[in-house]
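I opened this structure to look up a few things in turn. My notes follow, topic by topic.

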Amino acid sequence: MEKLYSPWRNSYVRGVHGEKKDGNENDCPFCAQYAAHNDAYYGILLRAKHHFVMMNAYPYSGGHLLITSNEHTPGIEEFSKESRAELMELASFASAVLKKELNAQGVNLGANLGKAAGAGIPAHFHFHVLPRWIGDTNFFPLIGETKQVGTDLKKIYEQLLPEFGAFLQKRV
């Protein structure tokens, strides 16, 4: 396998504070990004009562979103009924926005609960909302073990931000 040198991922791999992620809230990138209140920098599109919606910094495709719990908790089974309802409301809305704004032809929704299930940050719940298009797969992952994302994430953030602002206005 060829190796692609990506030093910019070091803070993600080791945690925001430069220490190995051990499930501790102090080492959690989601907790740090939420607490920083630097939404444009971290790609946070919306802050709701129980969750926040953000751009995935290491997406499978342009527009890959994460709906992340406001609290440092690993599993959906720990959420209140209200929190679970908000999660599904946000997932439904995010899916509609991706279809409208990015012309996504489909959307993958899901969560990897626990390390064994493939969660990159198993100690903090996050739900994936992934836009898809017919033919969006290619040979890179198979042959070169490299994922190519051919879009500008900052431009997508700017495109999606007004839609998520409108979501909050509708709920008030």
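**Cavity**

I looked up the largest cavity first, and its volume is about 30 Å³. The model is predicted, so I kept to its limits: local features need pLDDT of at least 70, side-chain atom pairs count only at pLDDT 80 or more, and totals for chains, interfaces and linings use all residues. Residues are numbered from 1 along each chain as its sequence is written, and side-chain values use heavy atoms, with hydrogens and water left out.

For the term itself, I noted that a cavity is a set of points, on a 1 Å grid over the protein atoms alone, where a 1.4 Å probe fits but cannot get out; lining residues have an atom within 4 Å of a point. Points are joined across faces, edges and corners, and the volume is the space filled by probe spheres set on them. With a threshold of 30 Å³ or more, I count 1 cavity.

Which residues line the largest cavity? I listed Pro 74, Asn 112, Leu 113, Gly 114, Ala 119, Ile 121, Pro 122, His 124, Phe 125 and His 126. By class the lining has 6 nonpolar, 4 polar and no charged residues. Here Ala, Val, Leu, Ile, Met, Phe, Trp, Tyr, Cys and Pro count as nonpolar, Asp, Glu, Lys and Arg as charged, and the others, Gly among them, as polar.

**Cysteines**

I then looked for disulfides, meaning pairs of cysteine sulfur atoms within 2.5 Å, and the count is 0. Cys 28 is buried at 3% relative accessibility, and Cys 31 is buried at 13%. Buried means under 20% relative accessible area, exposed over 50%, and partly exposed in between, with a 1.4 Å probe and protein chains only.

**Nonpolar cores**

I took a nonpolar core as a set of buried Ala, Val, Leu, Ile, Met, Phe, Trp, Tyr and Cys residues joined through side-chain atoms within 4.5 Å. The largest one has 25 residues, of which Leu 45, Val 53, Leu 65, Ile 67, Leu 160 and Phe 164 touch the most other members. Two or more residues each come from S1, strand S2 (51-55), strand S3 (65-69), helix H4 (81-102), strand S5 (126-132) and helix H6 (153-171). H4 gives the largest share, 8 residues. I read helices (H or I, at least four residues) and strands (E, at least two) as DSSP runs numbered from the N terminus.

Apart from this core lies another, of 8 residues, including Phe 30, Cys 31, Ile 44 and Phe 52.

**Ile 44**

I placed Ile 44 in strand S1 (residues 44-47), and it is buried at 1% relative accessible area. Beyond its neighbours within four places in sequence, Ile 44 has contacts (heavy atoms within 4.5 Å) with residues including Tyr 34, Phe 52, Val 53 and Leu 161. Tyr 34 is 10 residues from Ile 44 along the chain, and their C-alpha atoms are separated by 8.2 Å.

**Positive phi**

Last, I noted His 37, not a glycine but with a positive phi of about 55 degrees. His 37 sits in the loop between helix H2 (29-36) and helix H3 (39-42) and is exposed at 59%. Asn 103, also not a glycine, has a positive phi of about 55 degrees. I found Asn 103 in the loop between H4 and strand S4 (106-110), exposed at 56%.

Methods:
On a 1 Å grid over the protein atoms alone, a cavity is a set of points where a 1.4 Å probe fits but cannot get out, and a pocket is an open set with protein on both sides within 12 Å along at least five of seven lines; lining residues have an atom within 4 Å of a point.
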